[in-house]
Amino acid sequence: MSTSDLRHSVNGVPFLRSPDGNFDGLDSYPFAPNYIDFEGLRLHYVDAGAQDGPVAMLMHGMPTWSFLNRHIIHALVARGWRCIAHDHIGFGRSDKVTDRSWYSIRRHAKACRTLIEALDLKGITLFVQDWGGPIGLAQAAEMNERFDRLVIMNTWLPHDGYVYTSAIRNWADGWKPGGLFNAGVPDRLSLGGIMMLALGHIPMSAVPDILATGQMPPLSSEALVVKRGYDAPHHGLDAMALAGPRRFPLSIPIDLPEDPTAVDGARHFETLKGWTRPIHFIWGGMDGVFTPEWGRAWAALYPQATFDLLAEAGHFVQESHGAEIARLVLQYAAARAK
């Protein structure tokens, strides 16, 4: 199938649709696809587990998709939960608008709200990480009656006084013209390759050779399976399919307090200071982007909060410690139910 066969347009908005075969045989991701319409586009979501069980909503960020949450989903489903995990437009099995200017955090949040309302989700335990934080926590702030519990992992909400680390500034700069990732993705380094770097399967010292040759260093069979999962959504598509992932780093409102993302984040941060239900911070201790110090400071705003440090985990805690995250949340939920 050629890329031209995958090109579509709705209301003048061009987009690409990943071939279904891209997702065949993904390790630990056997979930049947489900879709809702959002502005004429297909938004994909996983709906796994008992339909009458406690509801978990699991968010993803950049450069991932619902595949990231597979370990948590399996663990919760085994305990009778219903798990909902969608792919933002531009990611996973969702349609991929090719116009970078189409994307905004407000639009992603609107799509998330559309899904919650379409499925009429209630009693939600919300799991957020990376960009899933601003997008998911917007829902908890604006529709708090639908949410019972928050699980916050290595993310943030923009607000006055928040200090962006050098790691996040470097990440954003890397996607600007002339930046490391802007120049090398996807011609030399795929999103799966970025995940291999983030997960420690490839050292950062290997990046110059990868960008020069387009060749990845040898990977273990286990790492190759994970890489394939993160590469699957964009396999066989041209660079235009990466408009959504490319837009996320450029949406970080560093030194832009009037940016809509900063304004919305600050409003939601203030609203959620009044959150009185269970809230759990589960933090990867090796993350230089959203540091444990920031996680602890955020948790300190809530007298009922718990804080668990996963000392050996990095930014993508769901990938490396999904079963442990599920165990902790199930433990806290059971204690409250007694």
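User: Which residue in E2 does Arg7 stand opposite?
Analyst: This is a predicted model. Strand E1 covers 7-10, and 4 bridges join E1 to strand E2 (residues 13-16), the two running antiparallel. Within E2, the residue opposite Arg7 is Leu16.

User: In the open sheet of 3 strands, what is the strand order?
Analyst: The pairing in this sheet is antiparallel. Strand E1 (7-10) and strand E7 (96-97) are the edge strands, each pairing on one side only. The order is therefore E1-E2-E7.

User: Is Asn11 buried or exposed?
Analyst: Asn11 sits in the loop between E1 and E2. Its phi is near 50°, a positive value in a residue other than glycine. Most residues other than glycine have a negative phi. With a relative accessible area of 72%, over the 50% cut-off, Asn11 is exposed.

User: Is Asp130 buried or exposed?
Analyst: Asp130 also has a positive phi, about 55°, although it is not a glycine. Asp130 lies in the loop between strand E8 (124-129) and H3. Its relative accessibility is 10%, and the cut-off is under 20%, so Asp130 counts as buried.

User: Which residue is the bridge partner of Gly49 in E6?
Analyst: Strand E4 (residues 41-49) pairs with E6 in the antiparallel sense over 5 bridges. E5 is joined to E6 by 3 bridges and runs parallel to it. Val55 has Arg82 as its bridge partner in E6. For Gly49, the partner in E6 is likewise Arg82.

User: How many of the 5 residues of strand E6 are buried?
Analyst: Arg82, Ile84 and His86 point one way from E6, and all are buried. Cys83 and Ala85 point the other way and are buried too. Strand E6 (residues 82-86) is largely enclosed by the rest of the structure, because its buried residues number 5 of the 5.

User: Why is H2 described as oblique to H3?
Analyst: Ile105, His108, Ala109, Cys112, Arg113 and Ile116 in H2 meet Ile135, Ala138, Gln139 and Glu142 in H3. H2 passes H3 in a right-handed crossing, and the axes are 9 Å apart. H2 is oblique to H3 because helix H2 (residues 105-119) and helix H3 (residues 132-142) pack at an angle of about 60°.

User: Which helices do the buried residues of H8 pack against?
Analyst: Helix H8 spans residues 221-231. Its buried residues are Ala223, Val226, Lys227, Gly229, Tyr230 and Asp231. The helices against which these buried residues pack are H1, H6 and H12.

User: What is omega for the cis peptide bond that joins Val185 and Pro186?
Analyst: Most peptide bonds are trans. The bond from Met62 to Pro63 is cis, with omega near 0°, and Pro63 is found in the loop between strand E5 (55-58) and helix H1 (70-77). Pro186 lies in the loop between helix H5 (180-184) and helix H6 (191-198). For the cis bond joining Val185 and Pro186, omega is about 5°.

Notes: Residues numbered from 1 in each chain as written. Predicted model: local features only at pLDDT ≥ 70, side-chain atom pairs only at ≥ 80, totals over all residues. Heavy atoms only, no water. Axes fitted to C-alpha atoms, helices over the stretch in contact; angles between N-to-C directions. Parallel < 35°, antiparallel > 145°, perpendicular 65-115°, else oblique. Left-handed = near helix turned anticlockwise from the far one by under 90°. Contact = heavy atoms within 4.5 Å. Buried < 20%, exposed > 50% of the residue type's maximum accessible area, 1.4 Å probe, protein only.
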